[in-house]
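Open the model in your viewer and keep the selection tool at hand. The stops below go from one selection to the next.

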Amino acid sequence: MASKVIKGGTIVTADLTYDADVKIEGGVITEIGPNLSGDEVLDATGAYIMPGGIDPHTHLEMPFMGTYSSDDFESGTRAAVAGGTTMVVDFCLPDPNQSLLEAITRWDNKSSRANCDYSFHMAITWWGEQVFNEMPEVTKRGINTFKHFMAYKGALMVDDDEMYSSFKRCAEIGALPLVHAENGDVVAQMQAQLLAEGNNGPEAHAYSRPAAVEGEATNRAIMIADMAGVPVYIVHTSSEQAHEAIRRARQNGIRAYGEPLIQHLTLDDSEYAHPDWDHAARRVMSPPFRNKKHQDSLWAGLQSGSLQVVATDHCAFTTEQKRNGIDNFTLIPNGTGGLEDRMPMLWTHGVGTGRLTMNEFVAVTSTNIAKILNMYPKKGAVLVGADADLVVWDPNKEKTIVADTQQSAIDYNVFEGKHVKGLPRFTLSRGKVVVDDGAVKTEEGHGEFVGREPYTATNKALSKWKQVTAPRKVERTGIPASGV
Ligand code: DUC
Ligand code: ZN
Ligand code: ZN
Ligand code: ZN
């Protein structure tokens, strides 16, 4: 079996930084140490050898708001590896009343073109006996995370009753619920009111989804998870209020996780005030970009550990698709891209500024994600036996982000013009070199599905552990006389 050795670099993991070579055979790491040799040598001199990035939140070729997101599993995973990400976790989205298992078949077909490994979350887009019954079968297929939308009223939204039922089911079957936390009822009314007042531009999208709306829903999701006795993962945490809810919950012993996006960390709401309609509309996503105060809070959360992971919510629409909402901001497809840029942007604005250590960078882009999504150390690790999903990161390689040279299928980039320092020299997907000295060399269909086991003992909210005995009915002796 042909072997590869990555030589001369410094290994950076979530907890260690040290000089060593890495040997790869059959797609896995077989040796780590000094002076290794192999059939093929990749020169990592002056570079860091890190676990490849894992993006826990993407929407590839997803039917949404009357169209399909424009990056599919081929272009999306090509963008991913170009930026040092070697795995994506995509949302399998059943149509209304569609069987969850049928939806998995659709996602299996689409993902057969992936250039790197991938896994799925299942979205609970409707509720009923069939969904309840199919959930254990979904976990048997290696999908043990279930997403709930508290927004998108009339489309994807589930109400509290449905969410509590689904969370209880997750607790029973060892699954982790994920939540898009925005109060969808309030958003829907605010959208209608803004339109009625003549506010139809993309800036009104942000007005219709203030931070307080996210904060309330985050608190509610956490309360419901705690009552159901299950941990909870809040996707695209974008505001101080949402972060505060997660922070407080964690302090009380609740396993609540928060996921800022690279877009929210580095782009702010002034983008919606841009005079060019296309510029503003291209940045319409939910939750919307926020101001500096919220950005500082998200960075603080990553530093202190109260927020654990950085994602993209990659959901790319072309300018043409965005123009569907030219007269009405509520018809602009929600979503932005970021798969190729997450790692370089976070390195530049996190490690490059001293806000994050290199080890924290690895934790929030890879290792924490692998642990929370229950696939560590197969993924997210530089350890013997782990998959050789690796990035050889050159801290001195720089570029200016421009849409013209990106892998994504869309015609713009929300980070256009941003300068990044720190880029992949090599990216390896299960040992296959997919970025070679900066050049992308993917093989369509190389990516494999990564099944994840259900959670076991730790799948309990702390409040349920505290409740040692079941609540007992109080026996009373006297019955009060009526009318007293
Ligand atoms: N937000 C977006 O911006 N796009 C996809 C779905 C979502 O919640
Ligand atoms: Zn969402
Ligand atoms: Zn999303
Ligand atoms: Zn292959």
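Select the zinc ion (ligand 2): its protein donors are H180 (ND1) and H236 (NE2), lying 2.1 Å from it. Donors here are N, O and S atoms within 2.8 Å of the metal (3.2 Å for Na, K and Ca), and since water is not among the atoms, sites may look incomplete. H180 lies in strand β14 (residues 176-180) and H236 in the loop between β15 (232-234) and α8 (240-251), so the pair ties together parts that are 56 residues apart in sequence. Helices (H or I, at least four residues) and strands (E, at least two) are DSSP runs, numbered from the N terminus. Both H180 and H236 are buried, where buried means under 20% relative accessible area, exposed over 50%, and partly exposed in between (1.4 Å probe, protein chains only).

This is a predicted model, in which local features need pLDDT of at least 70 and side-chain atom pairs count only at pLDDT 80 or more, while totals for chains, interfaces and linings use all residues. Residues are numbered from 1 along each chain as its sequence is written, chains are lettered from A and ligands numbered from 1 in the order in which they are written, and side-chain values use heavy atoms, with hydrogens and water left out.

Next, select the zinc ion (ligand 3), which is 3.5 Å from the zinc ion (ligand 2). Which residues are the protein donors of ligand 3? They are H57 (NE2), H59 (NE2) and D313 (OD), at 2.0 to 2.1 Å. H57 lies in strand β8 (residues 53-58) and D313 in the loop between α11 (292-304) and α12 (319-322), so this pair ties together parts 256 residues apart in sequence. H57 and D313 are buried.

Now show ligand 1. Residues around ligand 1 (a heavy atom within 4 Å) include H59, H180, H236 and D313, which you have already selected as zinc donors. Look for two polar contacts (pairs of N or O atoms within 3.5 Å; within protein, one must be able to donate a hydrogen and the other to accept it, and residues adjacent in sequence count only if both atoms are side-chain atoms). A nitrogen atom of ligand 1 is 2.9 Å from a polar backbone atom of N334, and a polar side-chain atom of Y152 is 3.2 Å from a nitrogen atom of ligand 1.

Stay on Y152, in the loop between β13 (145-149) and α4 (160-173). Its phi is near 65°, a positive value in a residue other than glycine. Most residues other than glycine have a negative phi.

Finally, select S286 and P287: the peptide bond between them is cis, with omega near -5°.
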